[in-house]
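I am opening my notebook on this chain. I will write down what I look up, entry by entry.

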Amino acid sequence: MPTVAIDGLELVVHLSPLEKLAAFRAGDPRFALSSVSEVVVEPNAWAALRGVRAPGTGLPYVIAYGTRRFPGGKDLALIHGGRRPGLRVDFDGDAPYSRLVVTVADPQATAQAIRSAAGVA
C-alpha cells in the first residue's frame, strides 16, 4: 500500500517496486505542497476516478495504478482493493497532475497532515 509523507515542501507518495511497475513509474511521485488546493477523504476511492487509464494497470475494484487522462488534464491513481476509503488531493495548474487519488492505511490522519502542511482547510 502506498504511503504518503511530507518531505520539506513536498508531498511524496512512497511506492514499492511492484507498485512503481504497476503505475509505470520509475520513482516516487512528488508534488509541491504549494500546489495543493483541496484534500478530501473519499468514502469510496473508486468514485473519485475520472478519465481513462493511459498508461497504467487496471482491473475494476481490484487495482487502478497509473495515469488517468481526461479532456483537459490527467490524474494519478494509486488505488487497490474494493470499495474502500481513499484520499483525494486536488492540485492547481502548476502540478503535473490535476488530482491524486490514493488508498492509504489511515486516510483521515493522512488528510489532516497534508492539510496542515499545505495550509489548506
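Leaving aside neighbours within four places in sequence, which residues is Gly81 in contact with? I looked it up in this model, which is predicted. Gly81 touches Trp46, Tyr61 and Val62.

**Entry: around Gly81**

I placed Gly81 in the loop between strand 7 and strand 8, the latter being residues 86-91. Next I checked Gly81 against Glu19. They are 62 residues apart in sequence. In space, their C-alpha atoms are 13 Å apart.

Tyr61 sits in the turn between strand 5 and strand 6. This hairpin has 3 residues between its strands. I noted a positive phi of about 60 degrees for Tyr61.

I followed the pairing from here. Strand 5 covers residues 52-59, and strand 6 covers residues 63-70. They run antiparallel and are joined by 6 bridges. I found Arg53 opposite Arg68 of strand 6.

Strand 6 also pairs with strand 7, residues 73-80. That pairing is antiparallel too, over 8 bridges. Thr67 has Leu76 in strand 7 as its bridge partner. Strand 6 and strand 7 form a hairpin with 2 residues between the strands. There I noted Gly72, with a positive phi near 95 degrees.

I turned to another part of the chain. Here 3 strands make an open sheet, in the order 1-2-3, with antiparallel pairing.

I then looked at helix 2, residues 107-118. Helix 2 packs on the sheet and touches strand 1 and strand 2. Its direction makes about 20 degrees with that of strand 1.

Strand 2 spans residues 10-14. I counted 3 bridges from strand 2 to strand 3, and these two run antiparallel. Val12 stands opposite Arg30 of strand 3.

**Entry: Met1**

I went to the start of the chain. Met1 lies in the segment before strand 1. Is Met1 buried, exposed or partly exposed? Its relative accessible area is 40%, so Met1 is partly exposed. The limits are under 20% for buried and over 50% for exposed.

I also listed what Met1 touches, again leaving aside neighbours within four places in sequence. Among its contacts are Glu19, His80, Arg84 and Val104. I then checked Met1 against Val41. They are 40 residues apart in sequence, and their C-alpha atoms are 16 Å apart in space.

**Entry: the whole chain**

Last, I stepped back. The protein chain has 2 helices and 9 strands. Along the sequence, I read the pattern β-β-α-β-β-β-β-β-β-β-α. The radius of gyration is 13 Å, close to the 14 Å that the globule rule gives for 121 residues, so the chain is as compact as a globular protein of that length. The C-alpha trace spans about 35 × 25 × 25 Å along its principal axes.

I checked burial as well. Buried residues make up 44% of the 121 residues. The chain exposes about 5900 Å², and carbon and sulfur atoms supply 56% of that area. Of the contacts with a separation of 6 or more, 50% come from residues 24 or more positions apart.

Technical notes. Residues numbered from 1 in each chain as written. Predicted model: local features only at pLDDT ≥ 70, side-chain atom pairs only at ≥ 80, totals over all residues. Heavy atoms only, no water. Pairing = 2+ DSSP bridges. Helix = DSSP H or I, 4+ residues; strand = E, 2+ residues; numbered from the N terminus. Contact = heavy atoms within 4.5 Å. Axes fitted to C-alpha atoms, helices over the stretch in contact; angles between N-to-C directions. Rg over C-alpha atoms; globule rule 2.2 N^0.38 Å. Buried < 20%, exposed > 50% of the residue type's maximum accessible area, 1.4 Å probe, protein only. Areas by Shrake-Rupley, 256 points an atom, 1.4 Å probe, with all protein chains shown as cover.
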